[in-house]
Amino acid sequence: MNITTIYSTPTASSCALNSSSFVSLPTALTSFSKLLSSSSSSSPPHRSLRLRSRTTLPPRILCSSSSLSVSDMDATGGQSLYPLHRTKTLHLVRHAQGIHNVEGEKDHDAYLSYDFFDANVTPLGWKQVDNLRKHVHACGLSKRIDLVVVSPLLRTMQTAVGVFGGEAYTDGINVPPLMAANTGKSGRPAISSLNSPPFVAVELCREHLGVHPCDKRRSITEYRPLFPAVDFSLIENDDDILWTPDIRERNEEVAARGQKFLKWLWTRKEKEIAIVSHSGFLFHTLSAFGNDCHPSVKSEICTHFANCELRSVVIVDRSMIGSDSSTTNYPGKIPNGLDLTSETASEKHPEEKGA
């Protein structure tokens, strides 16, 4: 898969958007030199780093840590330029703390317990949701999201609608709520879908499949009344036929599923997409990238997400997967006229250079 990503980790206290350093702004792509210079400043509000997939770059321009020294990498600068319409901005979020996280921290065998089947968000997890919601509103991100893609498990859907959904739902509003009141014994009021982006549930971005009951989903029939405004139409089977009690999905299988998920995203018309998923899925999907970057960049990519952590990335279509035409490019010469440059003229008439 031919994609390049730009990685940004906002500081906890950062609220104001900076067009020269926050890579999720489409305008930032017009000048990669500004992006890279902002990442090298002494105290930038965000760190912007260039990442590439090792498996997709032509060998002659692949810069992996195994073939170049750190000093060589520093000297190359690592700048890249791509057409804006061949990019999408993704905002990756891991779900808030679930009840399985608490018990699994104490005893890993707790992940095998059916007590945590389709684990819900804890009270502390809802506080994490509220804080991330404040952040995306303060940064203006909530106004830019075109679509929210969510793993169809209780904890991810609770997180997604809590962060990116509308305000508290009230009777009389002529739209269905994103989440019904007290879903998952949360004690939370219903969440409105008014003035929120569309939400779609996708199985490709689920956590490791199998063995752990916390990663087994309920039937779609059960979910629909709990999340009335979430679109479940892309899920083929009502019951969870992907999860098995005795076989756990291997890491490389999760990574391959992640690449398939990223390819699917290119079939969508939306340009700025929030994705609410899981630690293992996000970690193994992102681990395919950054092999041609500075080792410290690769190490930042290959770290697990904290609960309710948000990372913003830009993916680039280098293989013509996407078919969107530019909405900002302009052909020029309207009306048509002579526009021969002095450089071209010199090439056509070299005898006149000294004239």
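Select strand S3, residues 87-94, and show its side chains. Both faces of S3 are covered: Thr87, Thr89, His91 and Val93 on one side are buried, as are Lys88, Leu90, Leu92 and Arg94 on the other. Buried here means under 20% relative accessible area, with exposed over 50% and partly exposed in between (1.4 Å probe, protein chains only). Eight of the eight residues of S3 are buried, so the strand is largely enclosed by the rest of the structure. Strands (E, at least two residues) and helices (H or I, at least four) are DSSP runs, numbered from the N terminus.

The model is predicted: local features need pLDDT of at least 70 and side-chain atom pairs count only at pLDDT 80 or more, whereas totals for chains, interfaces and linings use all residues. Residues are numbered from 1 along each chain as its sequence is written, and side-chain values use heavy atoms, with hydrogens and water left out.

Which strand pairs with S3 in the antiparallel sense? Strand S10 (residues 310-316) does so, over seven bridges; two strands pair if DSSP finds at least two bridges between them. Within S10, Arg311 stands opposite Leu92. Strand S9 (residues 272-277) runs parallel to S3 and is joined to it by six bridges. There, Glu272 is the bridge partner of Thr89.

Now select Glu270, in the loop between helix H7 (251-265) and S9. Is Glu270 buried or exposed? Its relative accessible area is 8%, so Glu270 is buried. The Glu270 side chain makes a polar contact with the side chain of Arg268 at 3.1 Å. A polar contact is a pair of N or O atoms within 3.5 Å; within protein, one must be able to donate a hydrogen and the other to accept it, and residues adjacent in sequence count only if both atoms are side-chain atoms. Leaving aside residues up to four places away in sequence, Glu270 touches Lys88, Asp146 and Leu147 (heavy atoms within 4.5 Å).

Finally, select helix H5 (residues 154-164) together with helix H4 (residues 123-138). In H5, 11 of the 11 residues are buried, so this helix is largely enclosed by the rest of the structure. H4 passes H5 in a right-handed crossing. The contact is made by Trp126, Val129, Leu132, Arg133 and Val136 of H4 and by Gln158, Thr159, Val161, Gly162, Val163 and Phe164 of H5.

Note on methods
Axes fitted to C-alpha atoms, helices over the stretch in contact; angles between N-to-C directions. Left-handed = near helix turned anticlockwise from the far one by under 90°.
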